[in-house]
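Take a walk through this model, one element at a time.

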Amino acid sequence: MSIEHLSDLFTARSEELQQEFITIRRHLHKYPELSFEEYETSNFIAKKLEEFGIKYERVGDTGIKAVIEGEQENLSAKFTVALRADIDALPIKEETGEPYSSVNEGIMHACGHDGHTTILLGAARMLHEYRKHFNGKVVCIFQPGEEADGAAKQMIELGVLEDPKVDRMVALHLWPYIPFGSIGIRSGSMTASCDDFTIEVYGKSGHSARPHEGVDSINIAMKIIQAIEHLVMKMNNPLNPIVVHVGKITGGTARNVIAEKTVLEGTSRALTEENRTMLKREITRISKQIAEVFHAQADVHFMDGNAPVLNDETVTSIVEEAAIELWGKEKVVELDQPSLGADDFGDFSLIVPSTYFRLGIEKDGEEVYSLHHPKFNFDDTLLSTGVATFAYTAVKLLECSEK
């Protein structure tokens with residue numbers, strides 16, 4: 001059977017299973033769990049894989065890895081493609097009013113991870129059903145903790161990309177900013193890195209009536225913020241954007257006391273590893289030098305978050321070909337800009353040639369809320385599109401790897 005015929009099979013089968021996908025998604029939506037607490041979600045995924053006849057293993061406390069091996073007789077080398085879905089929810093009180101709204105107070109699937117998980121389950125089922133028609137292995141990774149820090153790194157350290165060794169990798173994300181059912185792609189930077197930082201400025205306490213006897217940590221902290229803004233606006237190439245945001249300032253004990261200590265807390269974002277490293281270096285340097293000029297001390301601490309998602313050109317072109325073969329060129333959207341939002345799929349993309357694409361949920365005449373909004377929702381008839389795209393993309397990548 002040619003791969004073109006397999007695309008027809010995937011499309012037809014995903015339509016047949018549409019209601020089942022919707023049922024799965026609404027169950028996941030109704031019972032969301034926070035990062036690294038996805039125990040019932042993980043058990044539900046495992047149960048479904050068992051129903052489909054797919055072997056799996058636990059990775060860490062709540063992660064799951066399932067491997068589907070193609071059975072097509074082919075003497076060429078066998079390659080491995082991984083598909084990843086994130087499974088965690090957010091600490092948000094739901095306001096959709098849907099009958100399948102969250103029953104877990106203050107927790108909601110407000111970022112579409114219930115959809116991602118359903119799509120990967122559906123793709124796994126179809127790949128398993130049609131395993132005689134392709135050669136190679138597909139690893140299905142159900143990843144916890146995407147909304148927290150360190151989850152992807154933890155999965156990598158636990159060996160999720162080994163045995164079998166993953167050659168190429170794909171992830172998707174629902175996207176409210178492109179038309180319903182469209183596939184959004186781009187090569188290169190797709191999302192930004194995101195690293196949190198804390199700057200502790202230590203001065204000398206004193207009375208406000210005798211400012212010369214103290215060292216005002218609040219005033220020095222303000223100068224550090226201004227210098228960081230100068231770094232972003234004047235010291236960086238504007239064609240390669242960066243973002244630094246100080247969102248919290250804590251300092252002082254009374255209105256007439258010179259503050260001995262002020263703490264700045266913020267986040268930095270960049271679209272390349274080079275700029276990510278530069279931001280850490282320059283924020284640290286600027287803070288320490290300004291503090292020293294004013295006879296103070298600054299301690300800077302970075303908490304590594306997500307790496308930028310970097311889409312491999314070859315993998316992206318194959319994903320584009322798969323989408324065109326499935327849905328037509330008019331359904332493929334070339335994304336002209338990356339997002340300065342973050343996704344820990346970036347840690348995978350630093351190791352394995354990867355692509356992270358968007359699946360559009362915007363509908364004409366209907367209000368679609370942004371990600372992380374308490375009213376975020378999507379028309380889940382879209383799920384069959386995601387399932388067929390994921391499954392066919394995996395086979396297409398395996399086929400192209402053989403050439």
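Where is the place of A270? A270 is in strand β12, residues 261-270; helices (H or I, at least four residues) and strands (E, at least two) are DSSP runs, numbered from the N terminus. This is a predicted model: local features need pLDDT of at least 70, side-chain atom pairs count only at pLDDT 80 or more, and totals for chains, interfaces and linings use all residues. Residues are numbered from 1 along each chain as its sequence is written, and side-chain values use heavy atoms, with hydrogens and water left out.

A270 is buried, at a relative accessible area of 0%. Buried means under 20% relative accessible area, exposed over 50%, partly exposed in between (1.4 Å probe, protein chains only). Beyond its neighbours within four places in sequence, A270 is in contact with A192, S193, P241, I242, N275, R276, L279 and P308. Contact means heavy atoms within 4.5 Å. T316 lies 46 residues from A270 in sequence and 21 Å away in space, C-alpha to C-alpha.

T316 is one of the buried residues of helix α8, and the others are V315, I318, V319, E320, A322, A323 and L326. Helix α8 covers residues 313-327. Its 15 residues reach 21 Å from first C-alpha to last, close to the 21 Å expected at 1.5 Å a residue; the expected span is 1.5 Å times one less than the number of residues. At the start of α8, a side-chain oxygen of D312 comes to within 3.1 Å of the backbone nitrogen of T314. After α8 comes G328, with a positive phi near 95°.

Now turn to the strands. Strand β2, residues 63-69, is mostly covered, with five of its seven residues buried. β2 pairs with β1 (residues 56-59) in the antiparallel sense over four bridges; two strands pair if DSSP finds at least two bridges between them. In this pairing, E57 stands opposite K65. Three residues separate the strands of the hairpin, where G60 takes a positive phi near 70°. β2 also pairs with β4 (residues 137-143), antiparallel over six bridges. There E69 stands opposite K137.

The largest pocket has a volume of about 430 Å³. Of the 24 residues that line the largest pocket, E147, G341, A342, D343 and H372 are the closest to its centre. β5 (168-179), β8 (194-202), β13 (297-306) and β16 (354-362) are the elements that give two or more residues to this lining. β13 gives the most, with four residues. A pocket is an open set of points on a 1 Å grid over the protein atoms alone, where a 1.4 Å probe fits, with protein on both sides within 12 Å along at least five of seven lines; lining residues have an atom within 4 Å of a point.

Notes:
Polar contact = N/O pair within 3.5 Å; in protein donor to acceptor, adjacent residues only side chain to side chain. Points joined across faces, edges and corners; volume = space filled by probe spheres on them.
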